Amino acid sequence: MRITDIQRCEVRPGRLVEWTLSPDTVATAKGLPEDSRPPAYIQESHIRTARSVRDGGLFVPTWLGTAFDLPGRVDLDVLQESLRAWTLRHETLRSGFRWADDRLRRFTLDAGDVSLRRETVGDFGDADALARHLQGRFDAVADALRWPNLIYTAVVRDDSTSVYMAFDHSNVDAYSLHGIPAEIHELYAAGLRGRGPVMRTPAASYVDFCELERADADRVDGGHEIVTRWREFVRRCDGALPSFPVDLGLEPGGPLPPQKMICEPLADADSAAAFEAYCRPHGGSLVGLLAATGLIVHELGGQSVYRTVVPFHTRVKSRWSDSVGWFVGGAPIEVPVAGTPDLPSTLQAVRAELQANRSLARMPLARVLKLLGTDFRPTSPDLYSIVSFLDARGIPGAARWAEQKAYGLLRVSYGDQVCVWVSRLHDGLWVASRYPDTDVAAKNMRLYVERLRDLVTAAASRPGRFS
């Protein structure tokens, strides 16, 4: 599915219905004892950052969501039960956190205590007004500093219904969003057939993953090789984590700027396949995109080394493949670009860095930063800039995303970093990016995307294998 924002996901007029966790469910949650399973380091870092930014006087929504269509006139009772069944399948969605002596304590509802409240909001005849309303509701409900922090909505029409679902980032990553349309479609179709919503298999719990990952991370101390390598990387980044190395027109020490978004095609299906074939001997499209980015930011910013943190999923065991959660780590890479001005040699350098450093992504970065003993008090929702790649064609339901108008939704609000997501879909490569809303950043990000498209096209046009 394409990654975009609520303004670009084909919102159409209709009657708006929304679901939130019921008052009875919320009341039950308030009386729950502590769940001994701790938050993941990435969850805790996210929530603490949200609190820090809020304490600084700025509300920065950071929710993720998904949008997709159901055909025909909807049966709201069946859809409601489908949404509830899907929620119960993923334990993290009925688990939350409370503050106690500046520590986050988890609580988790039993499945039988979870119910949804449905409300008909009203008719919207204007798509822009509807999109603004949805964004406002998602901002208010899917908030890192409240619980419940998820909301489901449907825009009902005679010929189709559009479903919009939003979650605080602590519950989902971008990959999680991609599986939602197929699961809800399956549940809803089963309900219409009168069987009731039944999933094929239960999903492994992200809450269990959090406990396992944190236990592993807490066994590492400041002398561990992974911590040492991160320490050296941060030192070479002048004591910080890397930003996108081009001029973004930001004032040092200035307020967190608002953001803008790019979402557009990068290459058609044939060019995407040719680019992958060209890059495959050195690791595939991710390596190619990082190499291209290194060359481009050298052109735009003049730095001799491209330093970045590459996001990788931490679903290292197949049991987590269908789980909803935030399964993301980061690996640092340093690519010399001044002395390697062409794509082939830069591909080799990126591949070597990823081979050497990918294993570092299994250690939560928040744990590493704590062990470094440096004050990394975050002032931005994004600790660093990223370039991410996902080949989404093999995800269940991917072939129907265009027909279903399926999108992954990002909230574009405030931030001083650049985040780039490139997705390979059945119709080709798509690029999405959020970046600071300055004239300088807009100019340089437009140049970046155009040069990226040029390099992808040029590599795709070269016959034969990499040479």
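Both faces of strand S7 (residues 150–156) are covered in this predicted model. Leu150, Tyr152, Ala154 and Val156 on one side, and Ile151, Thr153 and Val155 on the other, are all buried. Buried means under 20% relative accessible area, exposed over 50%, and partly exposed in between, with a 1.4 Å probe and protein chains only. Strands (E, at least two residues) and helices (H or I, at least four) are DSSP runs numbered from the N terminus.

The model is predicted: local features need pLDDT of at least 70, side-chain atom pairs count only at pLDDT 80 or more, and totals for chains, interfaces and linings use all residues. Residues are numbered from 1 along each chain as its sequence is written, and side-chain values use heavy atoms, leaving out hydrogens and water.

**S7 and its partners**
- Seven of the seven residues of S7 are buried.
- S7 runs antiparallel to strand S2 (residues 14–21), and five bridges join the two.
- Tryptophan 19 stands opposite tyrosine 152 of S7, and glutamate 18 stands opposite threonine 153.
- S7 is also antiparallel to S8, through seven bridges.
- Alanine 154 has valine 163 in S8 as its bridge partner.
- Three residues separate S7 and S8, which form a hairpin.

**The sheet**
- Seven strands make an open sheet with mixed pairing, in the order S1-S13-S3-S8-S7-S2-S6. Two strands pair if DSSP finds at least two bridges between them.
- Strands S1 (2–4) and S6 (116–124) stand at the edges; each has a single partner strand, so one side of each is left without a neighbour in the sheet.
- Neighbouring strands are turned by 20 degrees against each other on average, direction ignored. Axes are lines fitted to C-alpha atoms, for helices over the stretch in contact, and angles run from 0 to 180 degrees between N-to-C directions.
- Helix H3 (residues 76–89) lies across S2, S3 (64–71), S6, S7 and S8 (160–167). H3 runs at about 130 degrees to S6.

**Helix pair H9 and H10**
- The axes of H9 (residues 285–301) and H10 (residues 343–357) come within 8 Å and cross at roughly 115 degrees.
- Residues of H9 including Leu286, Leu290 and Leu295 meet residues of H10, among them Leu343, Val350 and Leu354. Contact means heavy atoms within 4.5 Å.
- By class, this contact has ten nonpolar, two polar and one charged residues. Ala, Val, Leu, Ile, Met, Phe, Trp, Tyr, Cys and Pro count as nonpolar, Asp, Glu, Lys and Arg as charged, and the others, Gly among them, as polar.

**Cysteines**
- The whole structure has zero disulfides. A disulfide here is a pair of cysteine sulfur atoms within 2.5 Å.
- The closest cysteine sulfur to that of cysteine 263 is in cysteine 9, 10 Å away, which is too far for a bond.
- Cysteine 263 is partly exposed at 23% relative accessibility, whereas cysteine 279 is buried at 0%.

**Backbone details**
- Tryptophan 147 and proline 148 are joined by a cis peptide bond, with omega about 0 degrees. Proline 148 lies in the loop between helix H4 (127–141) and S7.
- Aspartate 101 has a positive phi, near 55 degrees, and is not a glycine. Aspartate 101 sits in the loop between S4 (95–100) and S5 (103–108), and is exposed at 79% relative accessibility.
- Lysine 405 has a positive phi of about 50 degrees. Its place is the loop between helix H12 (401–404) and strand S13 (407–410). Lysine 405 is partly exposed, with a relative accessible area of 27%.
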